[in-house]
Amino acid sequence: MRRSIASVLPFLLIAGCDRSAQPSAEIAPRVVAPPPEAVMSGASFTNWRDRLDALLTPDDLVELAGMPAGGAEQTSRPDQLRYRWDAGRFFHYAGARVNRKNLVSLGQIRVGVRAEEFAARHFGRLDATARARLREEVARQAQRRNLDEHAAAAADRLAQGTAEREPAEPVAGLGDAAAWAAAAREPTLHLRVGDSSIVLVVDVSDDPAGNRDTAARLAGRLLDRLHGGRSR
């Protein structure tokens, strides 16, 4: 029986995103040194896993992200919180003008995150040999898992996109390390505190610098609350 692309996605996430999973030293990515750490021992995002709405509140978005009071769609699921609201933004698709809602999303908490792993994941770049090896391994996995032609092609495109993505931009002064991925499908700030990390998606402007600045303000609020600086 042919299997869908979902059966190979876990492998892609490990092989394409976790650079420590590369099979040999000769294809290891070139790693950019992480930014200086403002060590914040003792704090962890893990303690907020089941109360993200208290870590990032609607009032925070009204104050720091321009969200109208009471004007957002708030949805939550385990380990993720999303706010969406209309702000008069549009994009064109297939000749049609489509409404583009502002988005702020918080979640995907990870634990056991080492400084070296975080730097390799977000600031490193795979070289040509490593990219080729990744695609070869994905093709082998696709064949072993009996993916159909369309699923195998989609897996290859995903692997290629993962391997060729631009390294994130280090953001100084946020937690122990912060990485801003403006080129991601959704502009994303990856934030590490101690051995935990969290993902903050901020798409509230057509200006990439505007999204980055808003993400930094919101991250500052998260860190303040994480260390008890604001009411919970």
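Modeller: A charge is said to sit over a ring if NZ of Lys or CZ of Arg is within 6 Å of the ring centre and within 35 degrees of the ring normal. Bear in mind that this is a predicted model, where local features need pLDDT of at least 70, side-chain atom pairs count only at pLDDT 80 or more, and totals for chains, interfaces and linings use all residues. Residues are numbered from 1 along each chain as its sequence is written, and side-chain values use heavy atoms, with hydrogens and water left out.

Biologist: Which ring does Arg-51 lie over?

Modeller: Arg-51 lies over the face of Trp-48, at 4.0 Å from the ring centre. Arg-97 also has its charged end over a ring, that of Phe-90, 3.8 Å from the centre.

Biologist: And how many aromatic pairs are there?

Modeller: The count is 1 aromatic pair, where rings of Phe, Tyr and Trp (its six-membered ring) pair if their centres lie within 6.5 Å, and planes under 30 degrees apart count as stacked, over 60 as edge-to-face and the rest as tilted. The ring centres of Phe-118 and Phe-123 are 6.2 Å apart and the planes are at 70°, so this pair is edge-to-face.

Biologist: Is Phe-118 buried or exposed?

Modeller: Phe-118 is buried, at a relative accessible area of 3%, where buried means under 20%, exposed over 50% and partly exposed in between (1.4 Å probe, protein chains only). Phe-123 is buried too, with a value of 3%.

Biologist: New topic: what share of the protein's residues is buried?

Modeller: Of its 232 residues, 44% count as buried.
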